[in-house]
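Here's a quick briefing for anyone opening this one up for the first time. Have a look at the structure below, then read on for the main points.

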Amino acid sequence: MFLDYLYNLPNSTEGIDAIALETINIFPGLVPMLLLFVFLVVFIGGSTRQKITRGSGDYAAWALIASIATLLPALLFSITAGFIQLDWLIIVVSLNILSAIWFFLDKRITEV
Amino acid sequence: MERSQITITIALISIALFTISIFGFAIGFANDNEASMSITDDPNVAQLNTDTSSDISTFKNDSEDTYQSILDTTIEPGSDVAQSTGSFSISVGNIVGVIKNIVYLPYQTIFGSGSGFGIFFTTFLAFLVFFVGLLIYKTLRGNP
């Protein structure tokens, strides 16, 4: 065969859920990496953009916004069994609490 | 920058309220959507949720007592400041009650009658009361 796949292709006749679940079974790090991607895009993108426009980035506020933005897809993944491990969900919630502590105890006056 | 007592109190209460609201949101999301897993499946999270809620309830009661004791404060005659906080205390408590009554309907419609967000809302109002009381105290007597 011209293209030799490294894994069995998912059965695409059972809907898009089955495709995603089979992909996650093959590569369990997919969901955590997706959540990390969401967090870093919001955090780095937001704070860098603010640093460019204002001269200084409000990192604590952007960390809190990014962690909340990460919590939403994590909660959506928790609806169907097999998408996300409970450990990762707890880690995302813990990240929310830690960034909230950072944000509320931050000395600078936040504008967000 | 010097951190004042009010700033620190705001920070600590905000952290506790944020934690409760995040937990409440995640638990409510799992219940509403019949999710396959909930964060309460983890015993530590459930314990933290209970502990934080009881801490906030304690703060709510304490702040109400503190506010009442601040309103009862008197200052010895002879000083150049008002002798009691009566001029400040006429309507603050009533105004908070009015606001609570007014927002009850939208609150009930949006958040439902569960106790999870009730703690959040009542504590936030209690914190406002505590904040006003502390401002009155500091106005009359300076920093405690």
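Let's start with chain B, whose secondary structure comes to 6 helices and 0 strands. Follow the sequence along and the pattern reads α-α-α-α-α-α. Keep in mind that this is a predicted model, with an ipTM of 0.81 and a pTM of 0.71.

**Confidence in chain B**

- The average pLDDT of chain B is 76, and 75% of its residues reach at least 70.
- Among the elements of chain B, helix 1 (residues 5-32) has the highest mean pLDDT, at 86.

**How chain B is put together**

- Chain B has 144 residues, and 22% of them are buried.
- Take the contacts in chain B between residues at least 6 apart in sequence: 73% of them join residues at least 24 apart.

**Where the two chains touch**

- On the chain B side, 18 residues are in contact with 16 residues of chain A.
- Helix 1 of chain B gives the largest share of that side, with 9 residues.
- Sorted by class, the chain B side has 12 nonpolar, 4 polar and 2 charged residues.

**Helix 4 of chain A against helix 1 of chain B**

- Across the two chains, helix 4 of chain A (residues 86-105) packs with helix 1 of chain B at an angle of about 155°, and their axes are 9 Å apart.
- An angle over 145 degrees counts as roughly antiparallel, so that's the label for helix 4 of chain A and helix 1 of chain B.
- Their crossing is right-handed.
- From helix 4 of chain A, the residues that meet the partner helix include A:V93, A:N96, A:I97 and A:F104.
- Helix 1 of chain B answers with residues including B:A11, B:I15, B:F18 and B:I22.
- In this contact you'll find 11 nonpolar and 3 polar residues, but no charged ones.

**Helices 2 and 3 within chain A**

- Inside chain A, helix 2 (residues 30-54) and helix 3 (residues 59-77) pack at about 150°, with 8 Å between their axes.
- That angle makes helix 2 of chain A roughly antiparallel to helix 3 of chain A.
- Helix 2 of chain A goes past helix 3 of chain A in a right-handed crossing.
- On the helix 2 side, the residues that make the contact include A:V31, A:L35, A:F39 and A:F43.
- Among those they meet in helix 3 of chain A are A:Y59, A:W62, A:I65 and A:F77.
- The class count for this contact is 15 nonpolar and 4 polar residues, with no charged ones.

- B:E34 lies in the loop between helix 1 and helix 2 (43-71) of chain B.
- The phi of B:E34 is near 50°, which is a positive value in a residue other than glycine.
- Is B:E34 buried or exposed? It's exposed, with 8 other C-beta atoms within 10 Å.
- Over in chain A, A:F27 is in the loop between helix 1 (16-26) and helix 2.
- A:F27 counts as exposed too, because it has 11 C-beta neighbours inside 10 Å and the cut-off for exposed is 12 or fewer.
- How far apart are the C-alpha atoms of A:F27 and A:F37? They're separated by 16 Å, and the two residues are 10 residues apart along the chain.

How values were computed: Residues numbered from 1 in each chain as written. Chains lettered and ligands numbered in written order. Predicted model: local features only at pLDDT ≥ 70, side-chain atom pairs only at ≥ 80, totals over all residues. pLDDT = per-residue confidence, 0-100. Helix = DSSP H or I, 4+ residues; strand = E, 2+ residues; numbered from the N terminus. Contact = placed C-beta atoms within 7 Å. Nonpolar A, V, L, I, M, F, W, Y, C, P; charged D, E, K, R; others polar. Buried ≥ 20, exposed ≤ 12 C-beta atoms within 10 Å, placed from the backbone. Axes fitted to C-alpha atoms, helices over the stretch in contact; angles between N-to-C directions. Parallel < 35°, antiparallel > 145°, perpendicular 65-115°, else oblique. Left-handed = near helix turned anticlockwise from the far one by under 90°.
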